[in-house]
Amino acid sequence: MPEITFTIDPATGNLEMHVTGIAGPACEDIAKLAKELLGAPEREEQTAEYRLRVAVRPSVRPKANA
Amino acid sequence: MSKYLIYPELVFTDRTLLLAALADLGYPEVEEGEFLPLFGYLGDQRSETAELVIRRRSIGAASNDIGFTKTAQGYVPIISEYDQRTLHGGRFLVELRSAYAEHVVDAVTQRLHGMARRTVDGNVIKITVRY
């Protein structure tokens with residue numbers, strides 16, 4: 001299940017966001033939403049999970065009338 | 001007379017979330033308009049203008065108006081040196097950032113139709129959103 005962890009430091013007001021559970025650039029959508037509300041981040045890193053490619057396997061369904 | 005300081009690196013992108021954060025800090029009355037003049041504690045008009053203004057009557061007798069000027073990136077605070085030093089024990093902008101951050105988390109949670117779980121880990125607040 002996709003998960004976003006926000007860390008707010010009340011001493012500075014800094015907000016950090018970490019997206020997990022989404023392999024590949026699909027998490028860009030989340031980053032885009034965050035940028036829309038927060039502006040350009042000071043730092044942006046892609047985790048190893050980001051670099052994973054989503055494997056799409058063709059599925060063969062039996063015909064209903066077979 | 002206290003001079004105004006402008007914080008261009010401190011930008012609040014979303015107007016609604018900024019107003020909500022200001023309300024959290026105890027400033028629900030915010031004047032909105034274009035190029036609103038800012039007044040100092042003596043009632044003197046300053047050269048700076050803003051699009052969102054907390055009037056000094058809502059802040060304190062010795063305070064000056066606090067403004068937020070709209071830029072291409074978002075709303076930038078304009079606050080006097082005096083108020084920056086004294087308001088909320090000198091932590092007005094830090095507390096505003098924290099309150100704004102919490103509203104960002106709420107907005108993201110709502111948009112994703114997610115569930116948020118909040119914990120305090122040491123001195124930091126952790127909010128995990130599952131969707």
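## Strand pairing in chain B

In chain B, strand E2 (residues 31–39) and strand E3 (residues 45–54) run antiparallel and are joined by five bridges. The model described here is a predicted one. Within this pairing, Pro37(B) has Thr49(B) of E3(B) as its bridge partner. E2(B) and E3(B) form a hairpin with five residues between them. In the turn of this hairpin, Gly43(B) has a positive phi of about 90 degrees.

E3(B) also pairs with strand E4 (residues 66–70) of chain B, in the antiparallel sense and over three bridges. Here Ile54(B) has Ile66(B) of E4(B) as its bridge partner.

These strands belong to an open sheet of five strands in chain B, with the order E1-E5-E4-E3-E2 and antiparallel pairing. At its edges stand strand E1 (4–6) and E2 of chain B, each of which pairs on one side only. On average, neighbouring strands of this sheet are turned by 40 degrees against each other, direction ignored.

## Chain B as a whole

How many helices and strands does chain B have? Chain B has three helices and seven strands. Along the sequence, the pattern of chain B reads β-α-β-β-β-β-α-α-β-β. A box of roughly 50 × 30 × 25 Å, taken along the principal axes, is filled by the C-alpha atoms of chain B. Of the 131 residues in chain B, 31% are buried. Among contacts in chain B between residues at least 6 apart in sequence, 44% join residues at least 24 apart.

Just after H1(B), Gly26(B) takes a positive phi of about 100 degrees.

## A sheet built from both chains

A further open sheet has four strands, in the order E2(A)-E1(A)-E7(B)-E6(B), with antiparallel pairing. Strand E2 (14–20) of chain A and E6 of chain B stand at the edges with a single partner strand each, so one side of each is left without a neighbour in the sheet. From one strand to the next, the twist averages 20 degrees. Helix H3 (residues 92–111) of chain B packs on this sheet and touches E1 and E2 of chain A together with E6 and E7 of chain B. The direction of H3(B) makes about 170 degrees with that of E1(A).

Is strand E6 (residues 115–121) of chain B buried or largely in the open? The number of buried residues among its seven is zero, so E6(B) lies largely in the open. E6(B) and E7(B) form a hairpin with two residues between the strands, in which Gly122(B) takes a positive phi near 70 degrees.

| Strands | Bridges | Sense | Opposite residues |
|---|---|---|---|
| E1(A) and E7(B) | six | antiparallel | Phe6(A) and Ile127(B) |
| E6(B) and E7(B) | seven | antiparallel | Arg117(B) and Thr128(B) |

## The contact between the chains

Chain A gives 20 residues to the contact, and chain B gives 25 residues. On the side of chain A that touches chain B, the elements that give two or more residues are strand E1 (3–9) and helix H1 (28–38) of chain A. The largest share of that side, seven residues, comes from E1(A). Which classes of residue make up the side of chain A that touches chain B? This side has 12 nonpolar, five polar and three charged residues.

Definitions and conventions:
Residues numbered from 1 in each chain as written. Chains lettered and ligands numbered in written order. Predicted model: local features only at pLDDT ≥ 70, side-chain atom pairs only at ≥ 80, totals over all residues. Contact = placed C-beta atoms within 7 Å. Nonpolar A, V, L, I, M, F, W, Y, C, P; charged D, E, K, R; others polar. Pairing = 2+ DSSP bridges. Buried ≥ 20, exposed ≤ 12 C-beta atoms within 10 Å, placed from the backbone. Axes fitted to C-alpha atoms, helices over the stretch in contact; angles between N-to-C directions.
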